[in-house]
Amino acid sequence: MARKEIRLSSHEDEEVEIHGDVLEVVLSYVPLIDLVPASNVSKSWCSAVASSLRHLKKLKPWLILHKQSTHSPYASITYTYDPCSNQWIKVSMPSMNFFSTLKSSQSNFLYMMSSSKFSFSFDPLNSTWCHVAPPLVWRTDPIVARVGDSVVIAGGVCQFEDDPLAVEVYDFNTRAWCTCESMPESLKESAASAWLSVATTKGKLIVTEKKTGVTHWFDSETKSWSGQFNLNPGQPVVNYYIGSYEDDLILVGFCNNVEQFKIWKVSAENFYCEQIGEMPLAFVEKLKSECFGFSSINVLVARNFVYMYNSWEVEEMVVCELTSGGGIGSCRWWSVPNVVCRDGMLKDRLVFTCSEVGFDELHRVMKMDNWKFEVVST
Amino acid sequence: MSSSTELTEKKVFLLKSLDGVIFEVEESVAVQLEVIRELIEGDCARPFISLYNVTSEILALVIEYCKHHAETCSGGTSATIADEDLKTFDNEFMNVDENILLELCSAADYLDIKSLFELTCRTLASLIKDRTIIEVRKMFNVENDFSVVEEKAVRKEFAWAFK
């Protein structure tokens with residue numbers, strides 16, 4: 001905007017006020033991050049913010065980037081991307097005891113694991129951490145996901161352990177781990193988060209082999225596995241990524257023959273696949289790594305948002321917003337430059353999560369001591 | 001249709017502001033005011049229309065905005081050039097102080113000019129961004145109606161938003 005100077009008192013004799021309905025519309029264009037201070041301007045602004053959020057402003061899931069040093073004390077900085085305002089925000093938080101590297105294998109579930117401790121967090125901005133005893137089986141690259149009132153940890157087992165398919169569940173109510181039925185034998189060669197894509201829906205953990213589309217699911221009630229089912233979108237797909245979407249699933253597949261990513265909506269009942277979009281080629285190009293092609297793509301899904309990046313070259317991420325209506329063409333695509341510069345990427349690890357950050361949650365966290373939010377200019 | 005009939009058929013409307021100033025506008029400009037377009041379409045438009053909520057200062061600006069948009073859209077230029085031109089004009093046009101901006105915003109709301117309403121709302125929103133709570137109160141003449149205790153709590157919890 002060209003405006004440089006703002007005169008504050010040109011019409012001091014006249015009281016120009018901004019009226020309720022108009023204020024609500026104005027506030028619907030204000031980024032979520034600025035709505036928190038705006039709600040503290042006055043009581044009427046506070047209710048206008050609430051009403052604007054209820055009726056006009058549609059919030060969208062944030063992409064969250066955790067930049068962590070690879071060495072002890074594993075200091076971490078968080079950057080969030082709000083697709084509504086297209087802004088990156090640097091979040092500084094009180095330093096916590098990062099005793100290990102941060103990891104995530106499911107949307108906004110973040111964890112750290114050592115031989116003596118297992119810590120996890122799944123609130124939208126990861127402001128709350130639970131610290132519990134570690135699982136019994138020693139693991140390096142497991143699938144870890146929150147399913148209902150429990151955390152399921154599966155596979156990723158160290159070589160010297162007996163069962164590569166071991167599954168343990170931490171129950172929030174009993175606050176204890178229990179060993180459950182191991183993962184199905186067909187996942188023996190791929191039982192680690194590097195090879196499996198996971199989603200949770202209706203109390204089930206669904207795991208899909210990235211290379212084959214072989215799918216199994218774990219019921220957190222009965223603590224047992226079902227399947228197998230082979231995801232079949234009817235096209236030659238070489239990489240399968242899943243996420244939960246409404247009560248169903250989303251499948252993002254890479255079609256080798258046409259070098260293109262396509263998106264299908266998958267019924268959680270019968271796994272029927274219905275194609276809903278294809279990534280425009282300009283964005284496919286952005287995800288391609290010169291040396292490694294499309295071998296290390298990761299996909300994060302939150303509500304109607306799909307975030308994709310190549311872990312070898314994360315300069316740019318591709319975003320897809322699934323708009324209502326369904327059917328082909330209900331996807332809006334764009335790309336987001338990574339705010340963490342190349343130097344940062346070499347020295348540090350990057351962990352990606354995505355999460356639905358609401359006004360109340362942001363308000364709560366912004367009030368907490370030593371939390372600071374700064375918009376990063378890009 | 002020949003150009004001579006077009007000329008004779010070009011209707012004009014007289015818009016009277018709150019403070020009694022009369023503006024003559026062509027139909028292509030008048031129809032951008034949704035309230036007037038409805039009157040025209042319903043065949044209820046008289047050549048003389050009183051706008052009770054808009055001062056002459058603001059109405060002049062509104063007419064300038066509508067005129068420019070009407071001319072740019074009907075001129076033979078390509079869509080992308082027209083878009084660029086409108087963008088530059090809009091940016092320039094929004095370079096007014098916030099009291100004028102607020103009045104333009106309510107006028108656009110009252111006269112139902114969607115593009116101007118959105119433009120002014122977005123501009124006002126950009127003024128709220130990155131401002132301290134005190135600055136926002138001052139800029140929009142908002143009375144701080146929190147009790148002393150409430151205000152104290154807000155200032156403590158959101159100390160950074162007051163600095």
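**Starting from one loop**

Author: Let's begin at Asn126(A), which sits in the loop of chain A between strand 6 (118-121) and strand 7 (130-132). Helices and strands here are DSSP runs counted from the N terminus: a helix is H or I over at least four residues, a strand is E over at least two. Keep in mind that this is a predicted model, with local features needing pLDDT of at least 70 and side-chain atom pairs pLDDT 80 or more, while totals for chains, interfaces and linings use all residues. Residues count from 1 along each chain as its sequence is written, chains are lettered from A and ligands numbered from 1 in written order, and side-chain values use heavy atoms, leaving out hydrogens and water.

What is the phi of Asn126(A)? Near 50 degrees, a positive value in a residue that isn't glycine. For background, most residues other than glycine have a negative phi, and most peptide bonds are trans. Is Asn126(A) buried or exposed? With a relative accessible area of 4%, Asn126(A) is buried. The cut-offs, with a 1.4 Å probe and protein chains only, are under 20% for buried, over 50% for exposed, and partly exposed in between.

Now hop over to Glu259(A), in the loop between strand 17 (248-255) and strand 18 (260-266) of chain A. Glu259(A) isn't a glycine, yet its phi is positive too, about 45 degrees. Glu259(A) has 33% relative accessibility, so it counts as partly exposed. One more backbone item: the peptide bond from Gly227(A) to Gln228(A) is cis, with omega near 25 degrees. Gln228(A) belongs to strand 15 (residues 224-230) of chain A.

At 4% relative accessibility, Gly243(A) is buried. Leaving aside residues up to four places away in sequence, Gly243(A) touches Ala199(A), Asp248(A), Leu249(A), Ile250(A) and Val301(A), where a contact means heavy atoms within 4.5 Å. Val266(A) is 23 residues from Gly243(A) along the chain, and their C-alpha atoms are separated by 9.8 Å.

Next, the aromatics. Rings of Phe, Tyr and Trp (the six-membered ring for Trp) pair when their centres lie within 6.5 Å; planes under 30 degrees apart are stacked, over 60 edge-to-face, and the rest tilted. That rule gives 27 aromatic pairs over all chains. One of them is Trp45(A) with Phe140(B), a tilted pair at 5.6 Å centre to centre and 50 degrees between the planes. Why does this pair join two chains? Because Trp45(A) is in helix 3 (residues 43-55) of chain A, while Phe140(B) is in the loop between helix 8 (133-139) and helix 9 (148-157) of chain B. Trp45(A) and Phe140(B) are both buried. Tyr81(A) and Trp88(A) make another tilted pair, 5.5 Å centre to centre with 50 degrees between the planes, and both of those residues are buried. There's also an aromatic cluster in chain A that includes Phe118(A), Phe120(A), Phe122(A) and Trp177(A).

Helix 6 (residues 359-367) of chain A is worth a look too, with Phe359(A), Leu362(A) and Met366(A) among its buried residues. The buried residues of this helix pack against helix 2 (32-38), helix 3, strand 1 (62-69) and strand 25 (372-376) of chain A, and against helix 9 of chain B.

While we're at chain B, find Leu14(B) in its strand 1 (residues 12-16). Leu14(B) is partly exposed at 29% relative accessible area. Beyond residues up to four places away in sequence, the residues that Leu14(B) touches include Ile22(B), Phe23(B), Pro47(B) and Phe48(B).

Finally, zoom out to chain A as a whole. Chain A has six helices and 25 strands. Its radius of gyration is 22 Å, close to the 21 Å from the globule rule for 378 residues, so chain A is as compact as a globular protein of that length. That radius is taken over C-alpha atoms, and the rule is 2.2 Å times the number of residues to the power 0.38. The C-alpha atoms of chain A fill a box of roughly 80 × 45 × 40 Å along the principal axes. Of its 378 residues, 55% count as buried.
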